[in-house]
Amino acid sequence: MSTMKRGRRAVVLGTLAALALGATACGSSGGDPLGGGPSASTGSGGSGGPASGGGSGSTVVVGSANFPENVLLGSIYSQALKAKGVKVEEKFNIGSREVLYGQLQSGNLTVLPEYNGALLAYLDAKSTAVSTQDVNAALATTLPAALGILDSSPAEDKDSLSVSQETADKYNLKTISDLAAKAGELTIGGPPEFKSRREQQFKDVYGLTFKEWKPTADTTANALKDGGVQVGNVFTTDPKIVQYKLVALADPKNVFGAQNITPLVNKSGVDATATAALNAVSAKLDTAGLTALMKRVAVDKEDPSAVAKDWLKSNGLG
């Protein structure tokens, strides 16, 4: 994951204990960030205490970090569970991973939409797992006994090398491997540190030597659209991919490790019905679909709950 990616999530999913302490100190109910302050959104239920077990009549508490994509995913999980008759309480926009993870361990939360690669990096910074299968296998042995992951979705919010549709058509580009013959003619853009972090890796793994590297930072997608660069580091669920009709090239050699959307659960709080409902979401959710949903939320400014409802209905899950 690039430094830009880590920076974007430093507040919401970071690894600094100070964030957790700050969020706890700012809670409005006895220091508890889930205690009903402005950062919490409550659906049915409302106990605020530990989630009860997975049996009939229990409440599943669905949480989320405080950025739009995670809130959207939390709403999808919540509504999918409700559609199966599960009693649900929503605790969205909470904050950092330290707070989220601790609340899940304690049972105050039951379900979180997670990113499997980022979660593994948080738990084991030395892990070298990159594929979805290897990341999930490592998580299975790293997570404490009380916690577990359910099925990962094909949807990933991760680094990509993306190109415009025009560039993809011109050079017949579908994967990063396809760039090898033409990279010397192309300019690549990304965050300022992207060159130092990735240049040698692209050479070693894919045999890529680009004509020029430009520090385009948050304007990378715009630079691709305007032709300032021909290849760019854009995150796979950035709504500009849809808005500007960009093509995220496949990464068959896993230069960018897996970041599959994956339910992280407190195992005592989910029964077979809840598990099946969440796994059904994962089976239907892919990167292109999530990116389209994020355009509606981030660009068109639609309500995440309404967008989630539409998606669930169109996929036979709501």
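1. Before the sheet, a word on pairing: two strands pair if DSSP finds at least two bridges between them. Helices (H or I, at least four residues) and strands (E, at least two) are DSSP runs, numbered from the N terminus. With that in hand, Ser-162 has Gly-232 in S8 as its bridge partner.

2. Some housekeeping. This is a predicted model, in which local features need pLDDT of at least 70 and side-chain atom pairs count only at pLDDT 80 or more, while totals for chains, interfaces and linings use all residues. Residues are numbered from 1 along each chain as its sequence is written, and side-chain values use heavy atoms, with hydrogens and water left out.

3. The overall picture: the protein has 14 helices and ten strands. Of its 318 residues, 50% count as buried (buried is under 20% relative accessible area, exposed over 50%, partly exposed in between, with a 1.4 Å probe and protein chains only). Among contacts (heavy atoms within 4.5 Å) with a separation of 6 or more, 78% are between residues 24 or more positions apart.

4. Now the sheet I'd look at. Five strands make an open sheet in the order S7-S6-S8-S5-S9, and the pairing is mixed. Strand S7 (212–215) and strand S9 (246–248) are the edge strands, each pairing on one side only. From one strand to the next, the twist averages 30°. Angles here run from 0 to 180 degrees between N-to-C directions, and axes are lines fitted to C-alpha atoms, for helices over the stretch in contact.

5. Which way does each pair run? Strand S6 (residues 187–190) and S7 are parallel and joined by four bridges; Ile-188 has Trp-213 of S7 as its bridge partner. S5 and S8 are antiparallel, with two bridges between them. S5 also pairs with S9 in the antiparallel sense, this time over three bridges, and the partner of Val-163 in S9 is Val-247. As a reminder, strands of a sheet pair through backbone hydrogen bonds, either parallel or antiparallel.

6. Val-135, Asn-136, Ala-138 and Leu-139 are its buried residues. They sit on the same side of H7 because they cover an arc of only 160° around the axis (the arc is that of the directions from the helix axis to the C-beta atoms). An α-helix has 3.6 residues a turn, so residues three or four places apart point the same way. The buried residues of H7 pack against helix H6 (116–123) and strand S4 (147–149), whereas the face turned away from the buried side carries the exposed residues Gln-133, Ala-140 and Thr-141.

7. Is Ser-282 buried or exposed? This residue of helix H12 (residues 272–284) is at 3% relative accessibility, so Ser-282 counts as buried. Leaving aside neighbours within four places in sequence, Ser-282 contacts Asp-151, Ser-152, Ser-153, Pro-154 and Pro-263.

8. Charges next. The structure holds ten salt bridges, each a side-chain nitrogen of Lys or Arg within 4 Å of a carboxyl oxygen of Asp or Glu. One of them joins Arg-296 to Glu-302, with the closest N and O atoms 2.7 Å apart; Arg-296 is partly exposed at 21%, and Glu-302 is partly exposed at 31%. Arg-296 and Glu-302 also belong to a network of salt bridges with Asp-310.

9. Two further salt bridges to check. Lys-295 reaches Asp-300 with the closest N and O atoms 3.3 Å apart; Lys-295 is partly exposed at 22%, as is Asp-300 at 37%. Lys-225 and Asp-226 make another, at 3.9 Å between the closest N and O atoms. Asp-226 counts as exposed because its relative accessibility is 62%.
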